[in-house]
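Q: I have a structure open and would like to go through it step by step. Could we begin with the ligand and what lies around it?

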Amino acid sequence: MNKNLAFRRFFPLFFCLFFVTAYAEDGSRLWLRYESDGQANISGTFGVARDELQTNWNGGPVVLKRQKGMPKDGYKIVSDGEQIRISASTDAGLLYGAYHLLRLQGMGNVGKSLNIEESPMYEWRILDHWDNPDGTIERGFAGHSIFWENPCEFVIRQYARANASVGINGAVLNNVNAKPQTLDSDNLKQVQWIADILRPYGIRVYLSVNFASPIRLGGLTTADPLDKDVAGWWKQKVDEIYRLIPDFGGFLVKANSEGEPGPCDYGRTHAEGANMLARALKPHKGIVMWRTFVYAPNDPDRAKQAYKEFQPLDGQFLDNVILQVKNGPIDFQPREPYSPLFTSLKSTLVMAELQVTQEYLGAANHLTFLAPMWQEFFSLVKPASLKAIAGVANVGDNINWCGHHFAQANWYTFGRLAWNPNLTAETIAREWLAQTFTTDKRFVNPMTDMMVSSYETVVSYMMPLGLHHQFAGGHHYGPEPWYTAPGIRSDWTPAYYHRADSLGLGFDRSSRGTDAVSQYPDELRDQYDDIRTCPEKYLTWFHHVPWDYRMHNGRTFWDELCHKYDEGVHGARRMLAIWDSMMPYVDKERFAEVQRKLRIQARDSEWWRDACLLYFQTFSKRPIPQDVEHPVHNLDEMMKFRIHITNYENPECGYSK
Ligand code: GCW
């Protein structure tokens with residue numbers, strides 16, 4: 001971030017200090033919008049917890065104290081009405097307790113007597129940044145990296161506060177498509193500098209590494225994990241890192257996936273590759289997060305490939321390796337059933353990878369609150385079966401951090417769910433809205449409903465009833481179900497997934513098709529395998545559904561598809577209407593910015609509906625039912641419609657025919 005931008009972002013803070021007056025609301029303060037005279041009476045342990053309360057707490061005296069024997073990162077908050085006591089066994093625990101108190105204050109909800117005891121579900125609650133050394137961010141929609149290319153200490157500290165306030169305790173600083181230079185000694189100095197800023201907030205740093213680093217950085221002739229020199233090179237590198245950063249967290253690895261190097265290049269397994277790194281990290285208590293996002297052509301159905309590659313390796317990974325599995329079997333689609341690896345790896349540590357950045361859910365233009373999607377995941381994958389949680393970050397140097405004011409809610413939610421996956425979407429939305437905007441119920445109540453229903457709305461206008469990967473070639477923003485290109489791999493085209501023909505729509509993954517259903521536990525296998533019991537939200541994921549198939553509500557499948565798209569469009573317009581009526585409760589700046597984005601979203605929803613329905617109609621040859629709104633575009637117009645993806649921030653300026 002350049003200094004100018006840093007200044008712009010935090011100018012309001014300085015303005016406030018000097019002039020003690022109202023300032024422009026640009027979203028830079030996130031949900032940490034504390035207002036206090038800094039006169040709080042805080043005693044006990046020193047450190048960031050105390051500083052935060054001293055500066056931001058408005059209530060009575062607070063005592064912070066260390067208490068042995070409490071769970072790691074856990075805390076207690078007790079008050080008798082006179083004095084509040086926060087106790088924890090570590091500084092991080094005290095800090096989490098302090099932020100809990102500030103959260104209650106932000107929600108206008110401290111209450112007289114408090115008796116709170118909390119500890120996190122997961123030891124590792126990590127944000128993965130897909131940030132490149134040149135400062136660009138892969139699938140980032142909020143500007144440039146805050147870590148690379150002119151980073152600003154003040155910004156990184158604010159980032160740390162935001163993370164700590166929701167319990168996030170780790171950050172992978174660079175893209176999983178990792179450059180070997182990541183481990184270059186000069187670069188490691190910068191990592192050390194970042195680690196020093198994050199440490200007081202209980203956040204450890206991790207790096208994504210390129211498996212071919214011994215060759216490309218170390219000058220060796222091989223990166224074979226069973227080669228002694230290779231293992232020796234990694235050991236030395238790891239030792240070098242720990243000399244600089246004694247609490248370094250470990251490595252994240254994308255291997256043999258989308259062209260990245262890996263152990264399979266040498267005929268070795270993922271387990272052999274991961275274990276070699278794990279041995280180097282073990283003496284320092286570091287971990288390896290090894291991604292299962294691979295799709296080698298070991299099966300004609302991409303949804304089955306990661307399972308086929310990793311399930312046979314169950315039990316072969318060392319105990320400081322955690323397999324990092326995306327929530328769904330394909331790739332962060334708007335809606336996927338869970339990845340069957342979660343229920344089939346019995347003797348291997350597993351963590352979930354969620355995508356906070358909205359690569360497939362409208363980038364920084366669409367308001368899509370992701371809590372309901374992640375709850376849906378946790379309803380089938382038992383939280384206790386996981387060792388850790390990672391989220392692909394949506395943070396950049398944009399003045400409001402995430403590109404859309406409401407995308408901040410997804411960062412917030414990720415942290416809250418990584419701490420406690422049993423929190424409901426509604427609870428989280430309420431917390432976030434009250435702290436970020438106002439505690440006024442006339443705002444919080446309707447906006448909570450709007451946020452909670454937004455996910456279903458977006459799925460409906462993009463890819464209802466189990467559809468997936470209907471995105472335009474070259475980017476993942478708009479629809480192009482017809483997209484193909486000369487020589488392109490078929491599983492990179494929408495037709496591979498929708499399989500539309502004169503009979504119906506959808507990918508037959510039942511036992512009569514690719515039998516992907518058999519990767520699930522028996523009960524679910526049977527449920528998904530039978531078109532009548534398969535949840536309709538996954539219908540075309542698991543079945544090639546006849547156009548005249550009768551849905552539970554009596555409609556034909558084609559009619560239901562039309563209704564779903566239409567509901568999505570109406571839902572998007574309703575979001576705009578609700579927001580418009582919130583004008584009295586929201587500052588001018590954020591009101592106008594969100595309104596502008598919701599208008600884009602409403603227009604985009606029509607684009608999705610018209611493109612998809614008109615295109616699928618060329619196969620179904622059925623009329624669009626009278627009781628839904630009919631497309632207002634022609635298919636040939638839609639097929640010429642392009643957006644310039646260089647400018648997601650402002651795509652309507654980029655539309656061209
Ligand atoms: O979803 C896909 C993205 C790639 C990403 C890849 C992955 C970092 O389109 O941009 O690469 O997944 O998760 O590795």
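Predicted model: local features only at pLDDT ≥ 70, side-chain atom pairs only at ≥ 80, totals over all residues.

Q: How many residues surround the ligand, and which are the closest?

A: The ligand is surrounded by 15 residues. The closest are Glu138, Lys254, Lys326, Asp331 and Glu359.

Q: What is the distance from an oxygen atom of the ligand to an N or O atom in the side chain of Lys254?

A: For Lys254, that distance is 2.6 Å. An N or O atom in the side chain of Asp331 also lies 2.6 Å from an oxygen atom of the ligand. For the side chain of Tyr360, the corresponding distance is 3.4 Å.

Q: And how much of the ligand does the protein bury?

A: The protein buries 97% of the 340 Å² that the ligand exposes when taken alone.

Q: New topic: what does helix H14 look like?

A: Helix H14 covers residues 441–462, which is 22 residues. From its first C-alpha to its last it reaches 31 Å, close to the 32 Å expected at 1.5 Å a residue.

Q: Where does H14 bend?

A: H14 bends at Ser454, by about 40 degrees.

Q: Now Pro200: where is it found?

A: Pro200 sits in the loop between helix H5 (185–198) and strand E8 (204–209).

Q: How far is Pro200 from Arg157?

A: Their C-alpha atoms are separated by 9.6 Å, while the two residues are 43 residues apart along the chain.

Notes. Residues numbered from 1 in each chain as written. Heavy atoms only, no water. Near = heavy atom within 4 Å. Polar contact = N/O pair within 3.5 Å; in protein donor to acceptor, adjacent residues only side chain to side chain. Areas by Shrake-Rupley, 256 points an atom, 1.4 Å probe, with all protein chains shown as cover. Helix = DSSP H or I, 4+ residues; strand = E, 2+ residues; numbered from the N terminus. Expected span 1.5 Å × (residues − 1). Bend = angle between axes of the 7 residues up to and from the residue.
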